[in-house]
Amino acid sequence: MGVTLRYVRRATREVSFGGVRIGGDNPIAVQSMANTPTADIEQTVAQTLRIANAGAEIVRLTAQGMKEGEALQPIMERLRTNNCNAAIVADIHFTPEIAMMAAEAVDKVRINPGNFRTTNGELERLISICRRRGVALRIGVNHGSLAKRIFDEYGDTPEGMVASAMEFLRMCRDADFHDVVVSMKSSNTRVMVHAYRLLVEAMQREEMDYPLHLGVTEAGDGIEGRIKSAVGIGALLADGIGDTLRVSLTEEPENEVPVGKMLVEHFQHRTATFTVEATEGYSPTTFRARTAAKPVIHSEVTADYDIIDATTDNPTHEWRAAILNSTTQRPVVLRRRYDDDDMTRVAIYAAADMGQLLIDGLAEGVWVDAPNITEEARREIELVLLQAARLRFTRTEYIACPSCGRTLYDITATLAAIKARTSHLKDLKIGVMGCIVNGPGEMADADYGYVGSSPDHITLYRGRSVVARNIHQSEALDRLIEIIKSDGRWHEPTDQDGTKEL
Ligand code: SF4
């Protein structure tokens with residue numbers, strides 16, 4: 001008896017807020033987040049309108065303090081006067097009082113169990129406001145900001161993320177409040193995919209059917225940010241997991257929306273079904289490489305690799321079945337043809353199709369057969385894809401936050417400047433984070449961190465330790481490079497760096 005693989009969306013309850021319905025049979029909704037200071041009502045309304053006009057059904061605003069909380073009501077009024085129908089979400093940091101204030105104004109409130117107190121009845125009070133006003137709640141767990149007591153028990157693991165979410169979900173359920181959405185974000189695609197899958201299992205065990213919001217945090221910008229998001233989000237969408245999503249990019253927030261829409265559309269028509277005969281396959285919740293072969297791109301494939309083509313409308317399951325049914329243990333290269341002539345589209349589709357197999361350790365190579373883009377573009381997509389799935393690191397990894405109303409400097413321009421000076425240091429991970437409150441925790445395992453500490457001032461980190469505190473931005477990049485040099489991890493760019501192992 002085999003197991004049938006087909007695309008079916010996970011059954012979830014419908015949750016509605018601010019005129020948007022998610023979960024149930026509703027299409028997957030696309031979100032983005034404003035990065036203007038929320039207290040600047042003019043700017044925030046203008047940017048929210050731009051994001052909504054780009055097609056986002058849900059827009060999030062940061063509400064870290066009293067003045068941002070107080071701005072929410074006038075922002076809502078102005079948006080509605082401008083016929084903006086997007087549902088508005090307030091993102092709460094630390095302060096339960098602001099959450100209560102936000103729940104009186106917006107359509108949904110996001111709290112992070114890592115920094116929201118559960119004693120003193122704060123959650124119960126928040127729930128009662130949400131219930132009265134028809135406001136939904138997102139339990140937004142973040143890999144980089146778990147509560148200390150969870151961290152002490154589980155470390156920063158997917159299991160800890162699940163424990164953190166389940167604790168809050170049980171409290172909501174016990175209060176008979178079910179307008180709840182959950183997310184489990186990480187900048188590490190493997191951790192993120194694993195955490196969502198474990199959460200689905202944990203919810204099933206307790207008969208919970210809350211919808212999920214998907215996202216990879218700190219994905220960066222450009223082609224890297226798009227591919228990284230498509231790998232993580234696509235791996236889950238392929239299994240029918242996910243009811244809303246956000247592609248976080250260190251760019252203008254309206255750029256996130258078309259990428260999100262592309263991902264949603266890409267998974268809309270998947271009809272082909274496949275059977276896996278050998279039911280002993282690989283556990284989708286543990287990374288286990290089938291072979292020790294070197295991860296390769298198309299130009300490096302040798303006779304030692306099996307090339308497996310996927311030609312149906314359901315490539316992820318087609319490959320999975322073919323790999324698990326194969327009687328050999330030879331390393332696998334995933335190959336698929338993409339006729340698009342736009343590099344970004346090819347990159348997003350290939351990453352969404354292939355990412356899951358790479359994350360699950362089932363394949364060792366990728367072959368993006370895209371005749372209508374250049375050879376250089378194909379190779380770039382393939383290398384970035386292997387890196388996004390954490391199989392092979394061929395370029396500097398930038399863990400850059402998407403920025404929000406807390407950001408203390410021009411992060412888009414700064415990321416570009418940092419990349420221009422350091423992108424040849426392919427062994428390094430550099431965190432570029434907008435604020436000191438969430439930045440240090442969320443830049444994960446970065447070797448160096450460039451973190452906003454006060455307006456236009458930066459604190460530099462080596463790993464998790466501060467090495468230069470609150471220096472002006474005009475000096476910060478030079479100081480960062482001096483630190484890298486003093487650690488013996490710097491070299492001047494060479495021709496070989498330009499070709500990056502190709
Ligand atoms: S690190 Fe700070 S600035 Fe960046 S998105 Fe997170 S909260 Fe906003």
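How many bridges join strand E4 to strand E5, and do these strands run parallel or antiparallel?

## Strands and sheet

In this predicted model, strand E4 (residues 29-33) and strand E5 (residues 58-63) run parallel and are joined by 3 bridges. Within this pair, Gln-31 stands opposite Ile-58 of E5.

Both strands belong to an open sheet of 8 strands with parallel pairing, whose order is E9-E8-E7-E6-E5-E4-E11-E10. At its edges are strand E9 (180-185) and strand E10 (213-216), each of which pairs on one side only, and from one strand to the next the twist averages 25 degrees. Helix H7 (residues 189-205) lies across E9 and E10, and runs at about 145 degrees to E9.

## Packing of H8 and H11

Helix H8 (residues 222-237) packs with helix H11 (residues 343-359) at an angle of about 45 degrees, their axes being 7 Å apart.

On the H8 side the contact is made by Ile-223, Arg-226, Ile-227, Ala-230, Val-231, Gly-234 and Ala-235, while H11 contributes residues including Thr-344, Ala-347, Ile-348, Asp-353 and Ile-359. By class, this contact has 10 nonpolar, 4 polar and 2 charged residues.

## Surroundings of the ligand

The residues around the ligand include Cys-401, Cys-404 and Cys-435, together with Pro-402, Ser-403, Arg-406, Met-433 and Glu-442. Divided by class, the residues of this shell are 5 nonpolar, 5 polar and 2 charged.

Note on methods
Residues numbered from 1 in each chain as written. Predicted model: local features only at pLDDT ≥ 70, side-chain atom pairs only at ≥ 80, totals over all residues. Near = placed C-beta within 6 Å. Nonpolar A, V, L, I, M, F, W, Y, C, P; charged D, E, K, R; others polar. Axes fitted to C-alpha atoms, helices over the stretch in contact; angles between N-to-C directions. Helix = DSSP H or I, 4+ residues; strand = E, 2+ residues; numbered from the N terminus. Contact = placed C-beta atoms within 7 Å. Pairing = 2+ DSSP bridges.
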